[in-house]
Amino acid sequence: MKRVTNRPTVEGLPAAWRRRAKSLRRYGGETPATAIERCADDLEATLVERDETTFSLVEASRESGYSADHLGRLVRDGKIPNAGRPGAPRIALKDLPRKAHAPRGPRLAGKPRRREVSNRQIVRSIIEKGIE
């Protein structure tokens, strides 16, 4: 069972940090408030940069789970904006569709499966869902 917390998402951290800085400033904590605001600015800039990262169709295919051909059709049909140029399409991370993974059914027999998870998948999960 997943714990429900009131922690902000990664995208919500800059706003939460700015509220915290405002509270600190109200009680005379100018220096820590300024430091927290700078951290909020840095994180916000990093998140914008991440969302603006573009991928070739092959790279986007690995990231999204959809085939490069399908993604190319989506770009050609105007369903996904082309972040590249004609003849060399690119897709911004913020516009990249994600394929839903089918839930795995109950295992009836056989050896337990070993699931390999890359560091990249772990980092992406932390960024997308936040640390709990």
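Leaving aside its neighbours within four places in sequence, which residues is Glu63 in contact with? In the model, which is a predicted one, Glu63 is in contact with Phe55, Leu96, Arg98, Arg120 and Arg124 once those sequence neighbours are set aside. Glu63 belongs to helix α3, which comprises residues 57-64, and, with a relative accessible area of 11%, the residue is buried, the cut-off for that class being under 20%.

The buried residues of α3 are Leu57, Ala60, Ser61, Glu63 and Ser64. Because these residues cover an arc of only 165 degrees around the axis, they are placed on the same side of α3. Helix α3 is followed by Gly65, a residue whose phi is positive, with a value near 95 degrees.

Attention now turns to the first two helices. Two packed helices are described by the angle between their axes and by the distance between those axes. Helix α1, formed by residues 13-26, and helix α2, formed by residues 30-52, pack with their axes 8 Å apart and at an angle of about 170 degrees. Since angles over 145 degrees count as roughly antiparallel, α1 is therefore roughly antiparallel to α2. On the side of α1 the contact is made by Leu13, Pro14, Trp17, Arg18, Ala21, Leu24 and Arg25, while α2 contributes Glu30, Pro32, Ala33, Thr34, Ile36, Glu37, Cys39, Ala40, Asp41, Leu43 and Glu44. By residue class, the contact of α1 with α2 divides into eleven nonpolar residues, six charged residues and one polar residue.

The geometry of α1 itself can be checked against expectation. At 1.5 Å a residue, its 14 residues should span 20 Å, and the end C-alpha atoms of α1 are 20 Å apart, so the two values agree. Within this helix, Pro14, Ala16 and Ala21 are buried, and because these three residues cover an arc of only 160 degrees around the axis, they are put on the same side of α1. What covers the buried residues of α1 includes α2. By contrast, the face of α1 that is turned away from its buried side carries Arg19, Lys22 and Arg26, which are exposed. Following α1 is Gly28, whose phi is positive and near 90 degrees.

Methods. Residues numbered from 1 in each chain as written. Predicted model: local features only at pLDDT ≥ 70, side-chain atom pairs only at ≥ 80, totals over all residues. Heavy atoms only, no water. Axes fitted to C-alpha atoms, helices over the stretch in contact; angles between N-to-C directions. Helix = DSSP H or I, 4+ residues; strand = E, 2+ residues; numbered from the N terminus. Parallel < 35°, antiparallel > 145°, perpendicular 65-115°, else oblique. Contact = heavy atoms within 4.5 Å. Nonpolar A, V, L, I, M, F, W, Y, C, P; charged D, E, K, R; others polar. Expected span 1.5 Å × (residues − 1). Buried < 20%, exposed > 50% of the residue type's maximum accessible area, 1.4 Å probe, protein only. Arc of directions from axis to C-beta.
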